Amino acid sequence: MKQPLPSRPRPLVSALRAALVGLTLAAPLALSLAQPAHAQSAPLRSFQIAPGALDTALTSFAAAANITLSFAAGQARELRTDGLNGEYTTESGLARLLAGSGLEAVHRGQGNYVLRPAAKADASALDGGEKMLGSVRVTANQLGEVTEGTGSYTPGAIATATRLVLTPRETPQSISVVTRQEMDDFALNSIDKVMEHTPGVSIVTYDSERTEYYARGFAIQNFQYDGIPMLRDSSYSAGNTLTDMAIYDRVEVLKGATGLLTGSGDPGATINLIRKKPTKEFQGEASLGAGTWNNYRSQFDVSGALNPAGSLRGRAVAAYQDKHSQLDGYERKTSTFYGILEADLSPSTLLTVGADYQDNTPTRSTWGGIPIYNRNGDFNDMPRSFNNGASWSSWKQYTRTAFATLEHTFANDWLLKAQFNHQINGYNAPLGAAAGGKPYPATGTGVSTWEGKYVGKTVADAFDVYASGPFELLGRKHELVVGGSLSKRTWTNRGYWAGNSSVSDYYGWTGNIAEPDWDNLPANSQYSNREVTRENGLYATARFNLRDDLKLIAGSRVLNYENDSMKKSGVVVPYLGAVYDLNDQYSVYASYTSIYKPQSAQDVKGKTLDPLAGVNYETGVKGSFFGGRLNASVAYFRLDQDNYANATGALTPSGGTAYEAINGVRTKGFEAEVSGQLTRQWQIHAGFNHKISRQQGDKVATLTPENQFTLGSTYKPDFVPGLSIGGNARWQDKTWGNASNPMLGTVRHTVDSYWLFDAMASYQIDKNLSVNLNVNNLLDKKYYTIFSWYSTYTWGEGRNAMLTMKYKF
């Protein structure tokens with residue numbers, strides 16, 4: 001009997017060296033195309049902003065000035081302004097609008113501004129528009145704009161693609177962002193739920209504690225935390241896909257290859273989780289929720305200044321969830337804690353330190369799924385409540401993270417940033433399940449157990465340092481990022497395999513079997529692993545302002561990668577992108593980058609496959625409307641890959657899934673997405689995605705749908721103040737994979753297309769207290785996903801609801 005965990009290479013590594021490749025391709029092109037700038041560095045514009053509500057005036061100003069201005073809904077509430085009528089610079093216009101409000105605009109670079117309480121209110125009259133805003137400085141937060149408090153389903157600026165802080169329209173790749181507001185509205189308390197709402201991402205369920213996310217047909221193993229990459233191993237899952245969302249401001253999913261910043265990377269997408277940040281103003285909230293199947297959740301979040309000057313700020317978040325489910329006997333308890341401190345060491349230097357941890361403790365975890373076919377070759381239709389796990393089966397997972405960032409902004413608007421991340425992802429998994437074989441319908445025999453235990457962890461240290469800022473070339477201002485990173489990952493594992501035992505009646509299975517004495521198993525049933533991977537690289541990115549309406553982004557990374565089965569040095573990962581503004585609302589773009597990803601997959605002889613290699617092309621149109629409050633995009637992409645790991649259905653010598661490396665795999669498709677505010681009361685996040693992967697005419701990567709559609713929306717009717725109603729719809733095309741049928745051998749099993757619908761309603765009882773009702777799978781659709789490697793399937797969740805009371809203070 002094979003062990004149902006894929007085998008892996010066993011690397012041992014040594015130190016690496018790196019060298020920086022200059023932007024030799026981009027610079028000559030910039031020299032030939034750049035034109036002298038005719039505008040002043042701080043040009044005057046004509047504004048006609050009527051007196052009235054400050055939030056409305058600021059929104060109008062941002063649209064007219066072509067800037068991104070982010071502020072919490074409560075900051076400008078009930079404040080008024082005298083408006084503008086005349087010529088002003090961006091800074092002086094903001095100062096005039098904010099005069100007397102106690103607020104100031106803080107410039108974060110690249111035309112991105114945020115509001116904060118003014119350290120010293122500048123109430124002086126501005127007559128000619130030439131005065132600069134009193135206390136404007138470039139802040140060092142280069143992760144993009146905070147979405148918390150904006151009430152929006154679309155982001156401001158983001159930095160996941162290139163380290164440059166750019167709006168979605170300025171970024172020459174597809175990116176989907178789920179904001180804090182969308183997470184709150186639809187109770188997206190886990191990363192699984194966030195991925196369900198993300199256009200173009202599909203989910204395959206292995207068992208109760210393991211899911212795999214796919215984009216453009218490929219598994220997403222690259223996770224980032226505040227932009228620092230960490231690789232996930234789905235076989236020995238250790239917390240990534242059980243992440244609680246209480247501590248995060250937003251989740252960014254960058255589609256396509258991301259090797260420029262991540263080094264070795266996935267061709268499908270990278271998930272970047274951006275943590276919540278401390279606020280200078282005191283704020284807090286507490287919530288309690290209860291739902292179907294005895295699902296209970298509590299959360300507490302408090303933030304504010306820790307000294308009178310506001311130069312020391314902190315935030316603490318705690319969440320606890322005790323979740324049962326439709327599975328018999330299953331329960332998972334999740335506890336999450338997060339703390340962060342920000343200290344202004346000087347007006348231009350910011351130190352951030354923080355830590356978070358999460359424990360996931362399940363009871364009666366499943367392992368594998370339900371056999372697709374019974375011994376007669378018919379579909380093995382089991383109840384959705386069926387749990388194949390033993391009573392003692394538990395895949396415990398935990399994460400421990402400590403991080404620190406030091407950022408300094410120089411007088412010339414250059415920024416130097418150093419970031420360190422230490423993360424432990426661990427698991428303790430004594431597992432047992434009625435998972436092997438196929439049942440006889442008449443007797444329930446024919447099934448055996450899997451019984452194994454796996455205890456291990458991955459300790460990852462990552463360091464990144466870079467400098468970014470403007471530079472002058474041929475009379476125009478451009479932007480440059482130069483940096484380097486290094487990481488070390490050490491995976492250790494202790495495995496035990498107790499073998500199999502027959503199940504007398506699969507249809508009457510209750511999980512009541514004895515747990516093996518793991519420590520006293522024979523020596524040949526125990527083993528250990530240790531894998532060390534080191535990776536480092538230098539990178540550079542430049543954004544050339546060739547014309548007012550044309551930007552070229554060019555960069556490269558030199559990557560060094562080593563483990564005990566391979567050593568690669570000087571791998572160059574180029575990046576090239578261009579964005580051309582058709583007008584004030586629309587842009588066209590194109591981008592190119594290469595793909596390089598070392599693989600752990602092995603062939604039938606146990607040999608590790610060569611790294612996945614290829615190129616990624618993308619082109620499309622992006623639009624930004626209502627001052628950036630609504631973003632839309634349409635993209636066409638093509639990925640060409642060699643050494644693609646294709647499952648053969650055979651086994652490796654150690655019992656894992658065997659693969660073959662095939663060349664000439666081409667994936668192409670298109671994506672369309674819209675997110676943000678259609679009207680003052682109406683938010684939307686929708687997308688349609690299409691992809692097909694072929695190798696010599698045959699389709700591959702078929703476990704994920706070729707077509708997907710998602711639509712999430714909320715509306716606040718004027719006739720019931722405080723009420724918000726909404727829904728979410730998800731459709732995916734049919735999927736299929738090869739599965740073992742006892743009567744017919746290997747057959748193609750197809751899962752039909754299906755729709756899922758969710759609904760929500762919230763009511764703001766007063767300024768502090770609100771209540772939310774969320775219903776998932778509103779029509780109680782019965783659906784499943786397959787995992788063809790094991791020839792098993794897993795039911796999706798039936799209809800369930802959650803009622804949450806939230807108090808803000």
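**Strand pairing, burial and surface of the predicted chain**

T785 has T794, in β45, as its bridge partner. The model is a predicted one, in which local features need pLDDT of at least 70, side-chain atom pairs count only at pLDDT 80 or more, and totals for chains, interfaces and linings use all residues. Numbering starts from 1 along each chain as its sequence is written, and side-chain values use heavy atoms, without hydrogens and water.

Strands β44 and β45 (residues 792–795) run antiparallel and are joined by four bridges. Strands here are DSSP runs of E with at least two residues; helices are runs of H or I with at least four residues, and both are numbered from the N terminus. Two strands pair if DSSP finds at least two bridges between them. An open sheet of three strands has the order β21-β45-β44, with antiparallel pairing. Its edge strands, β21 (370–371) and β44 (784–787), each pair on one side only.

In total, the chain holds six helices and 46 strands. Of its 809 residues, 58% are buried. Buried means under 20% relative accessible area, exposed over 50%, and partly exposed in between (1.4 Å probe, protein chains only). Contacts are heavy atoms within 4.5 Å. Among contacts between residues at least 6 apart in sequence, 68% join residues at least 24 apart.

Strand β14 (residues 248–255) is mostly covered, with eight of its eight residues buried. Five bridges link β14 to strand β8 (residues 175–179), and the two run antiparallel. Seven bridges link β14 to strand β15 (residues 269–275), again antiparallel. L254 of β14 stands opposite I175. L254 also stands opposite T270 in β15.

Helix α3 (residues 90–98) is largely enclosed by the rest of the structure, because eight of its nine residues are buried. Among them are T90, E91, L94 and L98. G100 follows α3 and has a positive phi, near 80°.

The accessible surface of the chain is about 31300 Å², and 55% of it belongs to carbon and sulfur atoms. Areas come from the Shrake-Rupley method with a 1.4 Å probe; for residues, only the protein chains shown count as cover. L306, L312, L341, L345, L351, V353 and L406 make a nonpolar surface patch of about 540 Å². Strands β19 (331–346) and β20 (349–363) are the elements that give two or more residues to the nonpolar patch. Patch residues have over 30% relative accessible area and no salt bridge; like charges are joined within 9 Å, and nonpolar side chains (Val, Leu, Ile, Met, Phe, Trp, Tyr) within 5 Å. A salt bridge is a side-chain nitrogen of Lys or Arg within 4 Å of a carboxyl oxygen of Asp or Glu. L345 lies in β19. L345 counts as exposed because its relative accessibility is 52%.
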